Amino acid sequence: MEKTEKIWLNGKLVNWDDAKVHILSHAFNYGTGVFEGIRVYQTPKGPAVFRLKDHVKRLMEGCKIMGIDLVFEGKEYGFDDIVEAIKETVRVNGEAVDYAKPCIYLSGEEVGLNPVHVPSSMSVTCVHMGAYLGPASDEGAKIITSSWQRPDNLCSPAGAKVNGTYVTSTLAKREAVRQGASEAVMLNSVGHVAECTGENIFIYRRGKIMTPMVSECILEGITRDSIIKVARDMGYEVLETQVSRSQLVGADEVWMTGTAAEIHAVGYIDGRVIGDGKIGEVTKAIHARFHDIVTGKVPEYEDWLDYVN
Ligand SMILES: Cc1ncc(COP(=O)(O)O)c(C=O)c1O
């Protein structure tokens with residue numbers, strides 16, 4: 001992938017090639033880390049990080065449930081320090097970056113599983129991601145229903161972005177790509193629609209928008225939350241509920257939401273066409289509104305933008 005200039009590592013900005021972890025680090029071996037993916041948009045007031053504080057809150061909550069201390073090389077970090085570290089990394093890497101990835105992980109060297117007292121580290125990487133699921137077009141994405149199940153809350157904390165939990169997402173993604181699809185939707189342990197490998201999912205059916213509720217073992221997506229609010233403000237009825245596979249496949253429109261994917265229409269699920277296979281009217285309208293919001297054109301949503309300069 002394309003390198004950027006600097007990576008923030010435990011309080012210092014280091015060159016991309018110098019941001020290293022030891023082969024025996026606990027996180028590398030057991031997935032004991034928590035990360036975030038955060039979008040940076042260009043606005044008339046300069047680069048802005050979208051819902052930065054909400055991402056940092058989720059990151060810190062993830063560390064709390066994982067028991068990872070926010071002490072990196074002897075210094076304790078708080079909410080404001082983490083916010084500033086992310087902004088600083090965005091600033092130094094210039095205008096080409098559109099995605100920031102902070103990660104807090106057990107960096108200490110261990111051969112055993114015990115995570116207690118293993119030292120932690122934090123990194124912030126900024127990259128140019130562009131369109132995560134391919135360039136914008138009217139075509140809806142082809143997705144499959146994965147044979148892998150969305151891990152539920154008895155396996156790992158579904159509400160946190162825990163590195164190790166993403167093994168399931170990568171299995172499902174591989175399954176999708178091997179079948180010529182771009183994404184996979186995963187069902188939860190009781191067979192309800194949960195989410196995609198890196199996106200939440202929405203449907204428009206019988207005049208209402210529906211999305212799996214948080215207790216269905218999904219990540220409580222920040223884009224999901226934004227779209228629920230924006231759609232309601234636009235006058236749509238939005239239900240956070242259980243969604244069955246039949247409701248999904250029978251929907252008039254289906255779209256995915258995520259920081260990386262933003263809003264992406266689904267045209268086919270397991271070879272069955274959704275609508276006419278192209279982006280639907282509701283998806284299109286919400287997508288356009290969201291785009292205006294993130295690029296700083298809608299004053300009532302200014303709160304969601306954190307300017308880096
Ligand atoms: C499994 C999963 N679900 C949903 C999402 C969407 O969450 P957000 O909108 O906060 O990026 C992500 C992306 O981070 C994800 O990894």
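**View 1. Separation of domain 1 and domain 2.** The C-alpha centres of domain 1 and domain 2 are 26 Å apart. The model is predicted: local features require pLDDT of at least 70 and side-chain atom pairs pLDDT 80 or more, while totals for chains, interfaces and linings use all residues. Residues are numbered from 1 along each chain as its sequence is written. Domain 1 spans 6-127 and domain 2 spans 141-294, with bounds from an automatic or database domain assignment.

**View 2. The side of domain 1 that touches domain 2.** Contact is made by 22 residues of domain 1 with eleven residues of domain 2 (C-beta atoms, placed from the backbone, within 7 Å). At least two residues of this side come from each of helix H1 (26-30), strand S3 (33-35), strand S4 (38-43), helix H2 (52-66) and strand S8 (99-106). H2 gives the most, with six residues. Helices (H or I, at least four residues) and strands (E, at least two) are DSSP runs, numbered from the N terminus. By class, the side of domain 1 that touches domain 2 has eleven nonpolar, six polar and five charged residues. Ala, Val, Leu, Ile, Met, Phe, Trp, Tyr, Cys and Pro count as nonpolar, Asp, Glu, Lys and Arg as charged, and the others, Gly among them, as polar.

**View 3. The shell around the ligand.** Among the 15 residues around the ligand, Gly221, Ile222, Thr223, Gly258 and Thr259 come nearest (a residue is near if its C-beta atom, placed from the backbone, lies within 6 Å). Helix H5 (222-233) and strand S16 (253-258) each supply at least two shell residues; the largest share, three residues, comes from H5. The shell comprises two nonpolar, nine polar and four charged residues.

Terms used
Contact = placed C-beta atoms within 7 Å.
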